[in-house]
Amino acid sequence: MSDAVTGDSAERKRAIFDAMSPRRQQFILKRGYEKWDPFQEPKDPIDIRRDKSKRTTQALVREFLQQRGEAQYSNLYGQAVLEIALGIINDDDRYRAMYEFSCWYRDLLNREGLL
């Protein structure tokens, strides 16, 4: 939406603002009524984000856990898989570090013949 709100949009914006609680109105006024856009599109939900393989977080987790077999994991295990999948897809340094360390450690054990 442009900075200049015109005609019908300005009236709708004012109607939305007037219908809000006084506390919410104060919040908007502090940030600037002119900057406020009640018509802006919502951001993509996190479950629509996709990784490099074009899979959603949910698809990755489901695929991984199906390969593990239900008897091999607990609820806590499943929650951890979901957490790291979200972290990796969002390129969070913390989860990327965990992933890289895990890969490094697996390779170390393979080199030393312990796996």
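The following legends accompany close-up views of a predicted model of a protein chain.

**View 1. Overall arrangement of the protein chain.** The secondary structure consists of five helices and zero strands, in the order α-α-α-α-α from the N terminus. The chain has 115 residues, of which 18% count as buried. Its accessible surface is about 9,600 Å², and carbon and sulfur atoms contribute 51% of that area. Among contacts with a separation of 6 or more, 31% are between residues 24 or more positions apart.

View 2. Helix H2 spans residues 22-31 and includes Gln 25. The relative accessible area of Gln 25 is 18%, so this residue is classed as buried, the cut-off being under 20%. When residues up to four places away in sequence are set aside, Gln 25 touches Phe 17, Asp 18 and Met 20.

**View 3. The largest pocket.** This pocket holds about 620 Å³ of space. Its lining comprises 21 residues, and those closest to the pocket centre are Asp 51, Leu 60, Ala 85, Ile 88 and Tyr 99. Two or more lining residues come from each of helix H3 (57-68), helix H4 (75-89) and helix H5 (93-111). H4 supplies the largest share, eight residues. By class, the lining contains eleven nonpolar, two polar and eight charged residues.

**View 4. The second largest pocket.** About 260 Å³ of space lies in this pocket. The lining is formed by Ile 84, Ile 88, Met 98, Tyr 99, Ser 102, Cys 103 and Arg 106. Five lining residues are nonpolar, one is polar and one is charged.

Technical notes:
Residues numbered from 1 in each chain as written. Predicted model: local features only at pLDDT ≥ 70, side-chain atom pairs only at ≥ 80, totals over all residues. Heavy atoms only, no water. Helix = DSSP H or I, 4+ residues; strand = E, 2+ residues; numbered from the N terminus. Buried < 20%, exposed > 50% of the residue type's maximum accessible area, 1.4 Å probe, protein only. Contact = heavy atoms within 4.5 Å. Areas by Shrake-Rupley, 256 points an atom, 1.4 Å probe, with all protein chains shown as cover. 1 Å grid on protein atoms, 1.4 Å probe; cavity = no way out; pocket = protein on both sides within 12 Å on 5 of 7 lines; lining within 4 Å. Points joined across faces, edges and corners; volume = space filled by probe spheres on them. Nonpolar A, V, L, I, M, F, W, Y, C, P; charged D, E, K, R; others polar.
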